[in-house]
Amino acid sequence: MPDVQTSSPVVPSPGSRLWTAGASGGLAVLILLALAVYDPAHAAPLIGGALLVAVTTWLVANQRPVMPEGNEDSDGGTRDETRPAGQIALLEEVFETVSDPLLVVRGGEPDDMAGRRVVLANRAARDLLRIPREGAILVSVLRDPTLLEAVDEALFGGVSRETNFDSGGVQARHWRAMTRPLPASATETLALVRLRDETDVRRMELMRVDFLANASHELRTPLASLSGFIETLKGHAREDSVARDRFLDIMAAQAERMSRLVADLLSLSRIELNEHVPPSGHLDLGRATTDVVDALSVLTQQQGVEIAVAAPDDAVRIRGERDEIVQVIQNLIDNAIKYSPRDGRIEVDIRTGLSPAEAAASRMTGAARLPLLTPDRGEDLTYAAVTVRDHGPGMSREHLPRLTERFYRVEGQKSGERPGTGLGLAIVKHIVNRHRGGLVVESIPGEGAAFTAFFPLSNRTAVTEPLTV
Amino acid sequence: MNQHTVKSYGDELNQLTAIVARMGGLAEAQVADAIESVARRDVALARAVVERDARLDALHADIEKKAIRLIALRQPVASDLRKTLSAMKLAVDLERTGDLARNISKRALILAEGEPMLPLTRSIERMGKLVSNRLRDVLDAYTASDVDRAMGVWTSDDEVDEHYNSLFRELLTYMMGDPRTITACTHLLFMAKNLERIGDHATNIAETIHYEITGGDMIGERPRWTPTPSDSDVMAADDPLRPQES
């Protein structure tokens with residue numbers, strides 16, 4: 001529309017109210033002034049009237065910039081005429097790049113639920129809600145009843161509201177949802193839904209509660225035994241050097257256990273806090289595994305355990321934080337060593353290019369098998385899996401669901417001289433979840449257990465994935 | 001999408017699906033809130049869940065009325081008929097889900113009067129999260145008409161059963177250890193049973209979705225674990241209570 005662009009924005013369009021109000025007001029003033037000149041006897045009231053008309057006209061004309069704003073938002077036609085095309089593209093770009101999910105919802109009939117549709121959704125909203133296309137039925141993308149009610153109130157009651165909204169999934173996120181009505185036109189009502197991510201705040205709160213509960217509960221036992229020994233050392237064991245040395249050894253072991261517990265709890269809290277943040281690094285799963293095996297070589301020699309690693313020749317590149325992946329492999333192999341008999345054998349197996357079903361498939365025939373973590377469906381990703389298999393005592397079926405529970409211990413099993421903190425597998429599960437992966441356990445009592453962790457392969461070449469993620 | 005010659009016919013079908021999705025959202029929230037009311041000992045939330053159940057009943061009645069009206073006036077055939085019938089079937093499953101959630105909240109009200117039983121309510125919470133995730137998955141599959149996703153829920157039902165069995169053992173251990181906890185543990189046991197039933201309803205919904213989209217029945221047996229002789233001593237205790245397939 002070249003003629004629209006060349007015309008000055010100061011000149012009102014022919015149909016505008018400014019034109020008519022200005023013209024008619026000016027005409028009336030002219031007539032009144034002419035009358036005053038023609039009839040000087042009544043000049044005073046006539047000039048007063050002319051002034052009044054002039055002031056009114058000016059007021060009406062000045063209302064113009066305020067009035068049409070309502071039309072501008074809801075009516076595309078007006079916007080096209082008053083805003084240059086470049087500015088619209090810019091506004092659209094801004095709308096798209098806002099990191100908060102934004103949705104514009106159209107009303108329809110109040111009793112027709114299928115009439116409420118998403119008119120506009122920015123990129124963040126499309127990613128979050130997996131909206132297949134514009135014009136999706138609102139209730140098919142957002143089912144949360146409180147939020148739907150708030151949208152209804154905005155659409156039909158004209159009320160702005162704030163509610164909480166949890167988007168489910170394995171990496172659950174908490175949102176603050178703000179709904180407000182948009183200026184309505186005669187044919188349809190519109191409402192804006194804006195979501196703000198409050199996951200960090202909520203996780204922080206939860207973490208503090210959990211940490212306090214776990215720490216106070218789990219530290220109580222070693223602390224009680226420490227103070228018991230101190231009491232004894234102050235009392236009748238004061239002069240008994242043999243007993244004193246033995247007690248001090250036990251106390252040192254307890255203190256060491258406490259510090260390991262605190263370290264594990266802290267690392268678990270940190271991982272949980274970041275669980276919804278996708279990892280940014282890339283690494284080679286095979287290299288990470290051999291590094292861990294090398295680092296554990298002292299321990300394996302002590303225990304007389306042999307670790308056999310089977311990995312593909314090519315690098316297995318996955319998306320992940322190196323330190324965290326190393327911790328996963330280390331915890332899994334550590335567990336395997338703990339439960340392996342002397343001169344036992346541990347097999348570590350790396351496979352790549354798997355679908356989620358292949359990655360989670362059974363590796364031990366006839367074993368009880370349970371997925372401890374399954375990644376969300378919906379994305380077409382290929383996975384790399386690492387399986388750690390030991391030939392220890394194994395676990396019976398009923399223990400499997402509780403393995404990743406904090407401080408859960410399979411009864412009647414001694415984990416050797418180096419008892420763990422009971423947090424190892426919980427940490428593994430949370431790290432794997434942060435990496436959008438999965439975890440499967442299989443076990444046959446008396447024959448051993450196999451843990452498989454799988455992670456999405458790094459897909460740097462994919463078009464849909466921006467490199468900055 | 002196939003176009004209907006009479007526009008309001010398509011509208012009516014869409015509306016039916018939309019009400020089912022809305023009802024699904026409500027049932028989802030009821031289950032999630034019921035679990036939260038147990039985990040946080042939140043009496044107000046538990047009461048709210050009990051009260052809100054009436055709305056699920058109202059939606060159920062509404063869906064039934066609209067579906068019958070549609071069948072009577074439009075005589076739908078093929079995929080439209082399946083859509084209409086599935087809406088009615090889903091409404092029944094969702095209504096039952098809501099009832100079970102209400103029952104959990106009622107028990108939460110009783111539990112809130114006694115001593116907190118932290119490790120046990122945590123186990124309930126964990127199982128509840130698993131069940132809510134399945135419910136969410138299957139409803140997502142419904143709104144997206146995604147058969148694969150529905151099948152994924154259908155094939156993974158044994159996870160819930162595993163959790164149920166594990167929780168059952170945990171509760172037994174508690175009750176044997178301290179008979180004073182029997183009342184509370186029994187309530188928790190019923191909660192676990194209710195959650196397990198909700199999981200079964202999610203499976204039913206998955207079957208209905210499969211029927212709606214493909215027109216066929218689910219083929220083959222659902223992968224299930226059957227006790228082997230070596231497990232029989234373990235299972236002897238809870239055999240009479242094993243979840244019976246509906």
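Author: Two strands count as paired if DSSP finds at least two bridges between them. Strands (E, at least two residues) and helices (H or I, at least four) are DSSP runs, numbered from the N terminus. This is a predicted model, in which local features need pLDDT of at least 70, side-chain atom pairs count only at pLDDT 80 or more, and totals for chains, interfaces and linings use all residues. Residues are numbered from 1 along each chain as its sequence is written, and chains are lettered from A and ligands numbered from 1 in the order in which they are written.

Reader: What makes E3(A) and strand E4 (residues 173–182) of chain A a pair?

Author: They share 7 bridges, in the antiparallel sense, and the definition asks for at least two, so they pair. Within E4(A), A:Arg176 is the bridge partner of A:Asn164.

Reader: Why are E2 and E3 of chain A said to stand at the edges?

Author: The open sheet has 5 strands in the order E2-E1-E5-E4-E3 (chain A), with antiparallel pairing. Strand E2 (117–121) and strand E3 (161–167) each have a single partner strand, so one side of each lacks a neighbour in the sheet. From one strand to the next, the twist averages 30°.

Reader: Which helix lies across E1, E3, E4 and E5 of chain A?

Author: That is H9(A), which runs at about 15° to E4(A). Such angles run from 0 to 180 degrees between N-to-C directions, with axes fitted as lines to C-alpha atoms, for helices over the stretch in contact.

Reader: How do you know that the length of H14(A) agrees with its residue count?

Author: The expected span is 1.5 Å times one less than the number of residues. For the 18 residues of H14(A) that should come to 26 Å, and the end C-alpha atoms are 26 Å apart, so the two agree.

Reader: What makes up the side of chain A that touches chain B, by class?

Author: Contact requires C-beta atoms, placed from the backbone, within 7 Å; 20 residues of chain A are in contact with 26 residues of chain B. The chain A side has 10 nonpolar, 3 polar and 7 charged residues. Here Ala, Val, Leu, Ile, Met, Phe, Trp, Tyr, Cys and Pro count as nonpolar, Asp, Glu, Lys and Arg as charged, and the others, Gly among them, as polar.

Note on methods: Two residues are in contact if their C-beta atoms, placed from the backbone, lie within 7 Å.
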